[in-house]
Amino acid sequence: MGLFTLCSTTLVGFIMVVLLPAFCTSQFTDSRATYYGSPDCYGTPRGACGFGEYGRTVNDGYVSGVSYKLFMNGSGCGACYQVRCKNPQYCNSDGVNVVVTDHGEGDRTDFIMSPRAYSKLAIVPSAAKELFACGVVEVEYRRISCQYSGYNVMYKVHEHSNYPHYLALVVIYVAGQNDVTALEIWREDCKEWIPMRRAFGGVWDMANPPSGSVTLRFQATGSGGYTYWVQSTNAIPQDWKAGAVYDSTVQLN
């Protein structure tokens, strides 16, 4: 197993899974999870989604990197999952709800969690030590709706932006089961929407953006595959600044 020892589900754990109602087990997908190092047990601000400090602290640090199939070339950034460990000796039945902030591949794992998230799988603190010693655990997961009470969708100006020549944006606090699959800027002089480029992860950029306040719209794809546009007029002020966060005044379900 390389650096890690897999904590396998015992026979008792297998029997418990079989006895669960069919509607519950059908919602989950079997996988494996591990964790990454962190000096404060929170997430990393250098995750592949480009979230920066938001990626470290969102959801109180219960965050995770995910495999390529869940990362979806960046469309999976910001998605929320319930992940629960399958070993009842060490793990609680609820598991942990995590926000995707990074991409990472492990030993056939779909989730590489912050230590804070990984420890929440445990039934008691002493069991968390056992999970960390194992390194890799069998889990099951399902997509769930993100909930950000008190927050609208926000536009964060990425730190690499350079006013007024280069604008990079990240769409954060997207509630529900919605993936941001496109971002466009309105050009008043041309009377048309201009697509921004997905630079990497959840970061969208444009060289020589329109002057003045910026009207944006992003395309959201919901859990049923339904796609729609969400528009924010004058969402970014004329004198936008790198690192600043601006309120879209809208939120999704």
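Trainee: Ala, Val, Leu, Ile, Met, Phe, Trp, Tyr, Cys and Pro count as nonpolar, Asp, Glu, Lys and Arg as charged, and the others, Gly among them, as polar. How do the residues lining the largest cavity divide on that basis?

Mentor: Keep in mind that this is a predicted model. The lining of its largest cavity has eleven nonpolar residues, five polar ones and two charged ones.

Trainee: How many cavities of 30 Å³ or more are there?

Mentor: The count comes to one. The largest cavity holds about 150 Å³ of space. It is lined by 18 residues, and F51, C77, G78, V171 and V180 are the closest to its centre.

Trainee: Which strand gives the largest share of that lining?

Mentor: That's β9, with three residues. β9 (166-172) and β10 (179-187) each supply at least two.

Trainee: And which domains does the lining draw on?

Mentor: Domain 1 (29-143) and domain 2 (154-247), with at least three residues from each.

Trainee: Switching to packing. Which residues touch the most other members of the largest nonpolar core?

Mentor: Y81, V83, F111, M113, L131 and Y148, out of 46 residues in that core. Domain 1 (29-143) and domain 2 (154-247) both contribute residues, so the core lies between them.

Trainee: What does Y148 touch, leaving out residues up to four places away in sequence?

Mentor: Its contacts are Y54, V58, G78, C80, V99, Y173, V174 and A175. There's another core apart from the largest one, with 24 residues, including V157, V174, W204 and Y246.

Trainee: What about C41: what is its phi?

Mentor: Phi of C41 is near 75 degrees, a positive value in a residue other than glycine. You'll find C41 in the loop between β2 (29-35) and α3 (53-57).

Trainee: Is C41 buried, exposed or partly exposed, and what's its relative accessible area?

Mentor: C41 is partly exposed, at 38% relative accessible area.

Terms used
Residues are numbered from 1 along each chain as its sequence is written. This is a predicted model: local features need pLDDT of at least 70, side-chain atom pairs count only at pLDDT 80 or more; totals for chains, interfaces and linings use all residues. Side-chain values use heavy atoms; hydrogens and water are left out. A nonpolar core is a set of buried Ala, Val, Leu, Ile, Met, Phe, Trp, Tyr and Cys residues joined through side-chain atoms within 4.5 Å. Buried means under 20% relative accessible area, exposed over 50%, partly exposed in between (1.4 Å probe, protein chains only). Domain bounds come from an automatic or database domain assignment. Contact means heavy atoms within 4.5 Å. On a 1 Å grid over the protein atoms alone, a cavity is a set of points where a 1.4 Å probe fits but cannot get out, and a pocket is an open set with protein on both sides within 12 Å along at least five of seven lines; lining residues have an atom within 4 Å of a point. Grid points are joined across faces, edges and corners, and a volume is the space filled by probe spheres set on the points. Helices (H or I, at least four residues) and strands (E, at least two) are DSSP runs, numbered from the N terminus.
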